[in-house]
Amino acid sequence: MESASPDLFTARLESAASRVEAMLEKILSQEARDGEIVRPDRVLSAMRYGVLNGGKRLRPFLVIETARLLDAPPEPALRIAAALECIHCYSLIHDDLPAMDDDDLRRGQPTVHIAFDEATAILAGDALLTLAFDVISSEDTALPAQLRLRLVNALSRAAGVGGMVGGQALDLMAEQDRPGEAAIVQLQAMKTGALLRYACAAGAIAAGSDDLTVAHMTRFGEIIGLAFQLADDLLDVTSDAATLGKATGKDAGRGKGTLVSLQGADAARQRLASLVAEAEDVLSPFGEKAETLKRAASFIASRNR
């Protein structure tokens, strides 16, 4: 079986991004759906601006590749991937608001509240959050109703108060509380890791996999979620805004604790290498079929933007 060489991995990542982009275009069209009255131009334009602005589409890629590994039907997996990206982009729109992280730049472009206004940005985020559950629960996502219900339930918990939103709340508190290592790992597992964990679990759920397989993929998602945030914190102190397409050095400027600030950059790089090895070990039962996901773990840990 062909292993996931760097060129093949990049091709798959770009192909997944292209397919997800097309699906997002479809679900963010002007046409009102059954049960809707009208999609107002301004809020829809803000939604599209916040979603259709490039990006690696890593979370959707993980859904698609996990589904491919476990032989889930590809079209429902693509819809789940697009729905997850709606959640991710909603979180970015809200995180960028002045009351939250107060950022003016995202992916090299003005943030949604700068390009439009704060009220429209809030509404665009709210609409994207709601749309994600619409997409997954719809019969157009051609999976058995029981699997769609399980996917919606898991995403609700990953995105909510015990997951991403709760992690963001803890992250805001961290500017005053100066948490220790265990607390930082916990908040990062929620704020960043929860959606990455869901991405990997979702492909297994869509495939109708047994509980052990879902647990394996969930654990893989947990590991790469920690690696993603650790790499992000490292980039915040070693990169620049022109490279990242967003402001850097903000955590240090606010006195916010990160694993990098606690342990130093060299220790962070060593920890990243350890996490990649752990991720590869979790995937070992799947053999060569999991090579693309193994490459994803290395890509997350070594990314430069």
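Modeller: Rings of Phe, Tyr and Trp (its six-membered ring) pair if their centres lie within 6.5 Å; planes under 30 degrees apart count as stacked, over 60 as edge-to-face and the rest as tilted. This is a predicted model, in which local features need pLDDT of at least 70 and side-chain atom pairs count only at pLDDT 80 or more, while totals for chains, interfaces and linings use all residues. Residues are numbered from 1 along each chain as its sequence is written, and side-chain values use heavy atoms, with hydrogens and water left out.

Biologist: What makes the pair of phenylalanine 9 and phenylalanine 299 tilted?

Modeller: With 5.4 Å centre to centre and 50° between the planes, the pair is neither stacked nor edge-to-face and therefore counts as tilted. Phe9, Phe61 and Phe299 form one aromatic cluster.

Biologist: How do you know that phenylalanine 9 and phenylalanine 61 are buried?

Modeller: Buried means under 20% relative accessible area, exposed over 50%, partly exposed in between (1.4 Å probe, protein chains only). Phenylalanine 9 has 1% and phenylalanine 61 has 0%, so both count as buried.

Biologist: Which residues does phenylalanine 220 touch, not counting residues up to four places away in sequence?

Modeller: Phenylalanine 220 has contacts (heavy atoms within 4.5 Å) with Cys200, Ala279, Val282, Leu283, Leu293 and Ala297.
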